[in-house]
Amino acid sequence: MNLLEIFKAGTWTDMSGQVLSFSAKDLKATADAYDPAVFKAPLVVGHPTLNDPAYGWVSKLSTDQADATLLAERDQVEPQFAELVNAGRFPKVSASFFHPTSPSNPKPGVWYLRHVGFLGAAAPAIPGLKPAAFADGAQGIVTIETIEFAGAAPA
């Protein structure tokens with residue numbers, strides 16, 4: 001399964017203009033604390049309001065070998081959404097976190113992933129992440145789709 005690069009260590013400016021620094025240690029703590037049984041972060045378009053749909057979910061977080069990039073495994077991705085991402089309609093991502101001191105944080109004390117927003121024309125705040133894609137890159141896989149027209153059975 002290919003992993004989504006969703007965040008990296010560094011000093012970044014959030015959407016409200018606040019400058020925040022995230023160390024490799026912070027990212028490792030975020031990955032270690034992530035528990036989808038407690039709160040499962042959705043995959044969304046942009047940064048949602050309360051009633052926007054989820055197009056998939058983050059099943060697990062990890063970091064690269066240097067702990068400098070946060071990686072997400074995805075689950076239950078809506079096929080039509082995956083097609084849009086793979087076609088380059090939403091090539092960039094933007095992660096949203098619960099602040100460690102937020103009363104809403106499912107795991108207080110660490111930055112906890114709130115959602116992963118997929119961006120179309122908007123530039124992400126964090127440059128240099130790999131473009132988003134849902135292709136597994138698996139070899140030796142054959143997919144055969146059966147198409148039925150108006151109730152006619154396939155030949």
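What follows is a chat about a predicted model of one protein chain.

Q: OK, how many helices and strands are there in the chain?
A: The chain has two helices and eight strands. This is a predicted model, so keep that in mind as we go.

Q: And in what order do the elements run from the N terminus?
A: Starting at the N terminus, you get β-β-β-α-β-β-β-α-β-β.

Q: How much of the chain counts as buried?
A: Of its 155 residues, 33% are buried. The accessible surface comes to about 9,300 Å², and carbon and sulfur atoms make up 55% of that.

Q: What about β7 and β8, parallel or antiparallel?
A: Antiparallel, over seven bridges. For example, V93 has F118 in β8 as its bridge partner, and A95 stands opposite V116 in β8.

Q: And how does β4 pair with β8?
A: Strand β4, residues 42–45, pairs with β8 in the parallel sense, over three bridges. There V45 stands opposite F118.

Q: Is β8 mostly covered or mostly open?
A: Mostly covered: seven of its eight residues are buried.

Q: Which residues of α1 are buried?
A: L27, T30, A31 and A33 are buried in α1. The buried residues of the helix pack against β1, β5, β6, β7 and β8.

Q: Why would residues a few places apart in an α-helix point the same way?
A: An α-helix has 3.6 residues a turn, so residues three or four places apart point the same way.

Q: New topic: which residues in the largest nonpolar core touch the most other members?
A: The core has 27 residues, and the ones touching the most other members are I6, F7, V58, L61, L113, V116 and F118. The elements giving two or more residues to this core are β1, β3, α1, β5, β6, α2, β7 and β8.

Q: Take L61. What does L61 touch?
A: Leaving out residues up to four places away in sequence, L61 touches I6, T30, A31, Y34, L70, L71, A72 and L113. Two of those, T30 and A31, are among the buried residues of α1.

Q: Where is T63 found, and is T63 buried or exposed?
A: T63 is in strand β5. Its relative accessibility is 17%, so T63 counts as buried, the cut-off being under 20%. Beyond four places in sequence, T63 touches L27, K28, A31, T69, L70 and L71.

Q: Which side chain does T63 make a polar contact with?
A: The side chain of D67, at 2.6 Å.

Q: Now a loop. Where is N105?
A: N105 lies in the loop between β7 (92–98) and β8 (112–119).

Q: Is N105 buried or exposed, and what does its side chain reach?
A: N105 is buried, at 5% relative accessibility. A polar atom of its side chain lies 3.0 Å from the backbone oxygen of H99, and one lies 2.8 Å from the backbone oxygen of V110.

Q: Last one: is Q76 buried or exposed?
A: Exposed, with a relative accessible area of 55%. Q76 is in the loop between β6 and α2.

Q: And what does Q76 touch?
A: Outside four places in sequence, Q76 touches K40, Y55, G56 and W57. Q76 and Y55 are 21 residues apart in sequence, with their C-alpha atoms 7.8 Å apart in space.

Technical notes: Residues numbered from 1 in each chain as written. Predicted model: local features only at pLDDT ≥ 70, side-chain atom pairs only at ≥ 80, totals over all residues. Heavy atoms only, no water. Helix = DSSP H or I, 4+ residues; strand = E, 2+ residues; numbered from the N terminus. Buried < 20%, exposed > 50% of the residue type's maximum accessible area, 1.4 Å probe, protein only. Areas by Shrake-Rupley, 256 points an atom, 1.4 Å probe, with all protein chains shown as cover. Polar contact = N/O pair within 3.5 Å; in protein donor to acceptor, adjacent residues only side chain to side chain. Core = buried A, V, L, I, M, F, W, Y, C linked by side-chain atoms within 4.5 Å. Contact = heavy atoms within 4.5 Å. Pairing = 2+ DSSP bridges.
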